[in-house]
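Here is a short briefing on strand pairing, helix packing and charged side-chain contacts. Please keep the structure open while reading.

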Amino acid sequence: MTIDPEQAIPLEQIELSVHEAASPAEPGKARDAAFWAPNVTRLTVDADRAAAGFNVAGKRVTGPQQGFGRLWQRTYTVKLGSSVSPQQLITEWKDHFGDFWPKGNRFHGLLITPGEVAPIAVNTGAGMKLSTGVLVLYADDESFTFMTPQGHMFAGWITFSGFADGAGTTAQIQVLIRPNDPIYELGWFVMRRMEDRFWKATMVNVAAHVGVPNAVVEEHTNLVDKHRIWRNAGNVWHNAAIRSVLHLLSAPIRRIRRGRAH
Amino acid sequence: MTSKCEATVRTVGNLSVVSLSGEVDGSAAHVLSAAYEQAAADGPPAVLLDFAAVDYINSTGIALIVSVLAKARSEGRRVVASGLSDHYRLIFDITRLSDFIQLYADVDSAASGINEGAPA
């Protein structure tokens, strides 16, 4: 992906949009209420993105305790110095989220707002795209969090945040995940490397966009729970990798059916 | 990051109670982790996280709570919660945390509920 520095939004303009977005909480309502997605039993995908969301529509979201494998907390950070404030960083990250992803991957989200359901297509490197998605669980002006659906490689949350410390602003991606089923658990060490490449490339692109070229991304992994949750082994029924392959193989049949319908 | 979260630990019956106050967000990691370690030090069968004085939890805070839950599970210890407002009960539902953490109205009902094995 190429980021054109000319496209960068002036910082004053970003500051304005942050202030405009902030509004006081209604009396009697928690001040973070607007930041959370509404409670949904099953995910829905709008008609425009239905084709991309075939592995998402009708699925339930999965927190880390609904997955199968070991529970990992992985943290990627990159220091951005004083080039951008945490709020400016998050505004930019939300606005260009999919653009920062490595080439060959696709984020079909429209806006990073609470409750948004975004189909995604992940390049597996084996000549096949894995179709799944995310729910925007939480979004405020300094962070946003995705929650994964049944069938996704991982059950859990991915939080993108910016925070200030003595050295300026740091961008962070923190995932709290379990591989969703026994097949994904078997492939954990491959997926872990894929995830490293994916998020490190993403953060380098984010850093470049806010004026920090050649940024160095640090990664830290913590095994939170070494136990597998065997009662969730049946999650394999929803495995998005298997369903993506079946979807690909059945494409000719769908084309024939569509042709007959017309 | 300066934490706006505070925690105190005490024992009520079989429960080790962690009373949280302020804001549970990413900056609360050390406070929450240290409080859990203190609460678990004597090997209680269950740890209660009391949120009655908490006025803000963001998604990073929820992730911290899951980390505590996972650590307790790996040690064979139950984690229950009390004092959640209707709003945060809903958040626990949305994030599906309530599938795994028994919720009680307050510390007293948690203490009696744990003894009786009854839900809130």
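In chain B, five strands form an open sheet in the order E1-E2-E3-E4-E5, and their pairing is mixed. The model is predicted. Across all chains it holds 11 salt bridges.

**The sheet of chain B**

- Strand E1 (5-12) and strand E5 (102-104) of chain B each have a single partner strand, so they stand at the edges with one side lacking a neighbour in the sheet.
- On average, neighbouring strands of this sheet are turned by 25 degrees against each other, direction ignored.
- Strand E4 (residues 78-82) of chain B pairs with E5(B) in the parallel sense, over three bridges.
- Within E5(B), Leu103(B) is the bridge partner of Ala81(B).

**Helices on the sheet**

- H2(B) packs on the sheet and touches strand E2 (15-24), strand E3 (46-57) and E4 of chain B.
- The direction of H2(B) makes about 175 degrees with that of E3(B).
- Helix H3 (residues 86-94) of chain B lies across E3 and E5 of chain B.
- H3(B) runs at about 115 degrees to E3(B).

**Salt bridges in chain A**

- Asp196(A) and Arg74(A) meet through their side chains in a salt bridge, at 2.9 Å from N to O.
- This pair links distant parts of the chain: Asp196(A) sits in helix H4 (residues 188-209) of chain A and Arg74(A) in strand E2 (residues 71-81) of chain A, 122 residues apart.
- Asp196(A) and Arg74(A) are both buried.
- Arg178(A) and Asp225(A) also meet in a salt bridge, at 3.0 Å from N to O.
- Arg178(A) belongs to strand E8 (residues 168-179) of chain A and Asp225(A) to strand E9 (residues 217-225) of chain A, so their contact ties together parts that are 47 residues apart in sequence.
- Arg178(A) counts as buried because its relative accessibility is 0%, under the 20% limit.
- Asp225(A) is buried too, with a relative accessible area of 1%.

**Salt bridge in chain B**

- Glu37(B) forms a salt bridge with Lys71(B), and their closest N and O atoms are 3.6 Å apart.
- Glu37(B) lies in helix H1 (residues 29-40) of chain B and Lys71(B) in helix H2 (residues 59-74) of chain B, so the pair ties together parts 34 residues apart in sequence.
- Glu37(B) is partly exposed, at 38% relative accessible area.
- Lys71(B) is partly exposed, at 31% relative accessible area.

**Shared partners**

- Arg74(A), Glu195(A), Asp196(A) and Glu219(A) are joined into one network by salt bridges that share partners.

Definitions and conventions. Residues are numbered from 1 along each chain as its sequence is written. Chains are lettered from A and ligands numbered from 1 in the order in which they are written. This is a predicted model: local features need pLDDT of at least 70, side-chain atom pairs count only at pLDDT 80 or more; totals for chains, interfaces and linings use all residues. Side-chain values use heavy atoms; hydrogens and water are left out. A salt bridge is a side-chain nitrogen of Lys or Arg within 4 Å of a carboxyl oxygen of Asp or Glu. Helices (H or I, at least four residues) and strands (E, at least two) are DSSP runs, numbered from the N terminus. Buried means under 20% relative accessible area, exposed over 50%, partly exposed in between (1.4 Å probe, protein chains only). Two strands pair if DSSP finds at least two bridges between them. Axes are lines fitted to C-alpha atoms, for helices over the stretch in contact, and angles run from 0 to 180 degrees between N-to-C directions. Contact means heavy atoms within 4.5 Å.
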